[in-house]
Amino acid sequence: MQDADLFLELAGIAGVFVGFGALIAVRSGGASDPFEVAYMRGVVSMGLLTVIAALAPVILDRYDLAEHQVWALSSALALVCMVALVGAMARTPEWATTEEPIRSRRLAAVARAAGSLYLLALAVALIVIVAGIAPDLEAAIYFTAVALILLWNAWLLLQLVFRTRLPASE
């Protein structure tokens, strides 16, 4: 596989995001409001999804599968993990309370729509690979999907960093 090193680098970057999310949680003495809890969970969950999605084709390639099989199985695994992750997050009590109180209703609606479009685009990209619709582009589409998962993780981490309060001075 020609992109094995790139996928391993993406997995490493995602691991750093997971570490930073955990460090923020520990340093701030734990989450103090639903927003922080939800975004810490998001950073860790999306980081792990990135690691799984980045490592899957590297591992599957070792089994001498056809190229389409590697991309299709990796995409199916990433899709199942993404659906499970979103389903698990939707069942948490913080899910409905992650809107900032200062946000306008219009801005909150735009944020929800953008998140939904992102998840839909990611799911469609992975389904295109599983279905074999664009065989010449499978590697590029999959790499783009993994990069998008990582970028979403970076966005969650950025929001968490800007939201987390400094520890109280003694």
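Val 44 is placed in helix α2, and although Val 44 and Gly 15 are 29 residues apart in sequence, their C-alpha atoms are 8.9 Å apart in space. These values, like the others in this report, come from a predicted model.

**Overall architecture**

The chain contains five helices and zero strands, so that, when it is read along the sequence, the pattern is α-α-α-α-α. Of its 170 residues, 38% count as buried. Among contacts between residues at least 6 apart in sequence, 82% join residues that are at least 24 apart.

Ala 11 has its place in helix α1, which covers residues 4-27, and Ala 11 is buried, with a relative accessible area of 9%. When neighbours within four places in sequence are left aside, Ala 11 is in contact with Val 51, Ala 54 and Leu 55. Ala 11 and Leu 49 are 38 residues apart in sequence, while the distance between their C-alpha atoms is 9.4 Å.

Thr 50 is found in helix α2, and with a relative accessibility of 0% Thr 50 counts as buried. A polar atom of the Thr 50 side chain lies 2.8 Å from the backbone oxygen of Met 46. Leaving aside neighbours within four places in sequence, the contacts of Thr 50 are with Leu 10, Ala 14, Val 146, Ile 149 and Leu 150.

| Residue | Relative accessible area | Class |
|---|---|---|
| Thr 50 | 0% | buried |
| Ala 11 | 9% | buried |
| Asp 64 | 72% | exposed |

**Packing of α2 with α3**

Two packed helices are described by the angle between their axes and the distance between the axes. For helix α2 (residues 34-61) and helix α3 (residues 67-90), the axes come within 9 Å and cross at roughly 165°, which makes α2 roughly antiparallel to α3. The crossing in which α2 passes α3 is right-handed. On the α2 side the contact is made by Ala 38, Arg 41, Gly 42, Ser 45, Met 46, Leu 49, Ile 52, Ala 53, Ala 56, Pro 57, Leu 60 and Asp 61, and on the α3 side by Val 70, Trp 71, Leu 73, Ser 74, Leu 77, Ala 78, Cys 81, Met 82, Leu 85 and Met 89. Sorted by class, this contact of α2 with α3 has 17 nonpolar, three polar and two charged residues.

**The loop between α2 and α3**

Asp 64 lies in the loop between α2 and α3, and with a relative accessible area of 72% this residue is exposed. Most residues other than glycine have a negative phi. Asp 64, however, has a positive phi of about 55° although it is not a glycine.

**Packing of α3 with α4**

The axes of α3 and helix α4 (residues 105-131) come within 8 Å and cross at roughly 150°; α3 and α4 are therefore roughly antiparallel to each other, as that angle is over the cut-off of 145 degrees. Here the crossing, in which α3 passes α4, is left-handed. The residues of α3 that make the contact are His 68, Trp 71, Ala 72, Ser 75, Ala 76, Ala 78, Leu 79, Met 82 and Val 86, and those of α4 are Leu 119, Leu 122, Ala 123, Leu 126, Ile 127, Ile 129 and Val 130. By class, the contact of α3 with α4 has 14 nonpolar and two polar residues, and no charged residues. Trp 71, Ala 78 and Met 82 are named among the α3 residues in contact with α2 and also among the α3 residues in contact with α4.

Definitions and conventions: Residues are numbered from 1 along each chain as its sequence is written. This is a predicted model: local features need pLDDT of at least 70, side-chain atom pairs count only at pLDDT 80 or more; totals for chains, interfaces and linings use all residues. Side-chain values use heavy atoms; hydrogens and water are left out. Axes are lines fitted to C-alpha atoms, for helices over the stretch in contact, and angles run from 0 to 180 degrees between N-to-C directions. Helices (H or I, at least four residues) and strands (E, at least two) are DSSP runs, numbered from the N terminus. Angles under 35 degrees count as roughly parallel, over 145 as roughly antiparallel, 65 to 115 as roughly perpendicular and the rest as oblique. A crossing is left-handed if the near helix is turned anticlockwise from the far one by less than a right angle, and right-handed if clockwise. Contact means heavy atoms within 4.5 Å. Ala, Val, Leu, Ile, Met, Phe, Trp, Tyr, Cys and Pro count as nonpolar, Asp, Glu, Lys and Arg as charged, and the others, Gly among them, as polar. Buried means under 20% relative accessible area, exposed over 50%, partly exposed in between (1.4 Å probe, protein chains only). A polar contact is a pair of N or O atoms within 3.5 Å; within protein, one must be able to donate a hydrogen and the other to accept it, and residues adjacent in sequence count only if both atoms are side-chain atoms.
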